[in-house]
Amino acid sequence: MSLHPTLQPYADAWTHSIEAISELVQPLVEGEWNRRTPCPAWSVRDVVSHVIGLDCEMLGDPRPIHTLPRDLYHVGNDHQRYMEMQVDVRRHHTAPEMTSELEYVIIRRNRQLRNESRDPGAKVRAPLGTELTLEESMRSHAFNVWVHEQDLRAALGRPGNLDSPGAQVARDVLLDALPAIVAEKADAPRSSAIVFDVHGPIEFLRTIRVDIQGRGTLETAPALGPAATFTLDWETYVRLACGRVSLDAAADRVKAEGDPELTGAILRNFTVTQ
């Protein structure tokens with residue numbers, strides 16, 4: 001395999017998650033494809049359509065020529081319209097059509113990864129005409145596919161893989177977002193420290209330190225006398241950060257200590273992606 005070592009963890013994470021998704025949906029009967037998932041406004045079919053669409057774009061396939069209906073209440077901006085296109089074009093596909101296309105896309109993507117020899121810094125196409133490095137693109141893709149695997153597991157009552165290779169990528173992606181959440185969005189006090197203590201299948205203790213200029217940095221060293229401390233389980237952390245559960249619904253699973261205004265501001269701005 002010619003894949004650069006830097007990219008291998010993301011390929012492994014994608015492979016693990018996409019195969020889990022295929023295994024989850026293969027036996028579903030037609031009605032089960034319409035089950036609601038925690039992903040806002042999307043059914044099982046919609047989530048799988050989105051995953052197929054993401055991988056088609058990783059393959060460089062042309063986007064579908066399709067006009068979205070005007071009554072999609074959950075579509076309100078250009079990014080949502082972009083993502084909805086691959087979903088809506090498959091909304092009337094049958095279960096066999098969905099599983100067959102998913103299998104074919106997996107075969108093509110595996111072939112692509114076997115032959116991938118580009119440098120991690122090579123520029124590739126990203127949504128809405130933007131560009132990312134190949135490493136950024138594969139990392140984001142591994143994260144997205146794992147999150148959608150969890151959406152499907154929740155909808156189908158099949159929990160699992162909360163400590164898989166995709167979960168490890170998700171942990172790093174979500175932790176990278178913490179400094180901006182704490183220092184910029186929540187406007188935490190300068191020269192302060194905020195601690196996150198997460199337990200469960202994936203465990204970590206991280207400190208966000210806000211310097212005198214108001215910049216946040218992620219550290220592994222514990223803080224003495226933090227301005228705020230959050231203690232929660234890994235699954236709740238993911239569901240909050242990915243917009244899969246409301247703060248009110250998760251309140252009993254989050255222990256927040258410190259200034260109520262600060263802890264409230266951090267939790268209100270905790271969602272990284274939806």
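Start with the largest cavity: by class, its lining has three nonpolar, three polar and two charged residues. Here Ala, Val, Leu, Ile, Met, Phe, Trp, Tyr, Cys and Pro count as nonpolar, Asp, Glu, Lys and Arg as charged, and the others, Gly among them, as polar. You are looking at a predicted model, in which local features need pLDDT of at least 70 and side-chain atom pairs count only at pLDDT 80 or more, while totals for chains, interfaces and linings use all residues. Residues are numbered from 1 along each chain as its sequence is written, and side-chain values use heavy atoms, with hydrogens and water left out.

**Stop 1: the largest cavity**

Select His 50, Gly 53, Leu 54, Glu 57, Arg 63, Tyr 82, Met 83 and Gln 86 to see the lining of the largest cavity. Two elements give two or more residues to this lining: helix 2 (44-58) and helix 3 (78-88). The largest share, four residues, comes from helix 2. Helices are DSSP runs of H or I with at least four residues, strands are runs of E with at least two, and both are numbered from the N terminus.

The volume of this cavity is about 60 Å³. A cavity is a set of points, on a 1 Å grid over the protein atoms alone, where a 1.4 Å probe fits but cannot get out; lining residues have an atom within 4 Å of a point. Grid points are joined across faces, edges and corners, and the volume is the space filled by probe spheres set on the points.

Now pick out Arg 63 and Tyr 82: Arg 63 lies over the face of Tyr 82, at 3.6 Å from the ring centre. For such a placement, NZ of Lys or CZ of Arg must be within 6 Å of the ring centre and within 35 degrees of the ring normal.

**Stop 2: Ser 49**

Stay in helix 2 and select Ser 49. Is Ser 49 buried or exposed? Ser 49 counts as buried because its relative accessibility is 0%; buried means under 20% relative accessible area, exposed over 50%, and partly exposed in between, with a 1.4 Å probe and protein chains only. Leaving aside neighbours within four places in sequence, Ser 49 is in contact (heavy atoms within 4.5 Å) with Gln 86, Val 87, Arg 90 and Met 98.

**Stop 3: the second largest cavity**

Next, select Tyr 10, Ala 11, Trp 14, Met 58, Arg 109, Leu 113, Met 138 and His 141, which line the second largest cavity. Helix 1 (8-25), helix 4 (95-114) and helix 5 (134-156) each give two or more residues to this lining, and helix 1 gives the most, with three. This cavity has a volume of about 40 Å³, and its lining divides into six nonpolar residues, one polar and one charged. Look at Arg 109, which lies over the face of Trp 14, at 4.9 Å from the ring centre.

**Stop 4: the aromatic rings**

Finish with Trp 146, Phe 196, Phe 204, Phe 230, Trp 234, Tyr 237 and Phe 270, a cluster linked by ring pairs. Rings of Phe, Tyr and Trp (its six-membered ring) pair if their centres lie within 6.5 Å; planes under 30 degrees apart count as stacked, over 60 as edge-to-face and the rest as tilted.

The structure has seven aromatic pairs by this rule. Phe 196 and Phe 230 are stacked, at 5.1 Å centre to centre with 15° between the planes. Phe 196 is in strand 3 (residues 192-199) and Phe 230 in strand 6 (residues 228-233), 34 residues apart. Both Phe 196 and Phe 230 are buried.

Then compare Phe 204 and Trp 234: their ring centres are 6.2 Å apart and their planes at 80°, so this pair is edge-to-face. Phe 204 and Trp 234 are both buried.

Conventions:
1 Å grid on protein atoms, 1.4 Å probe; cavity = no way out; pocket = protein on both sides within 12 Å on 5 of 7 lines; lining within 4 Å.
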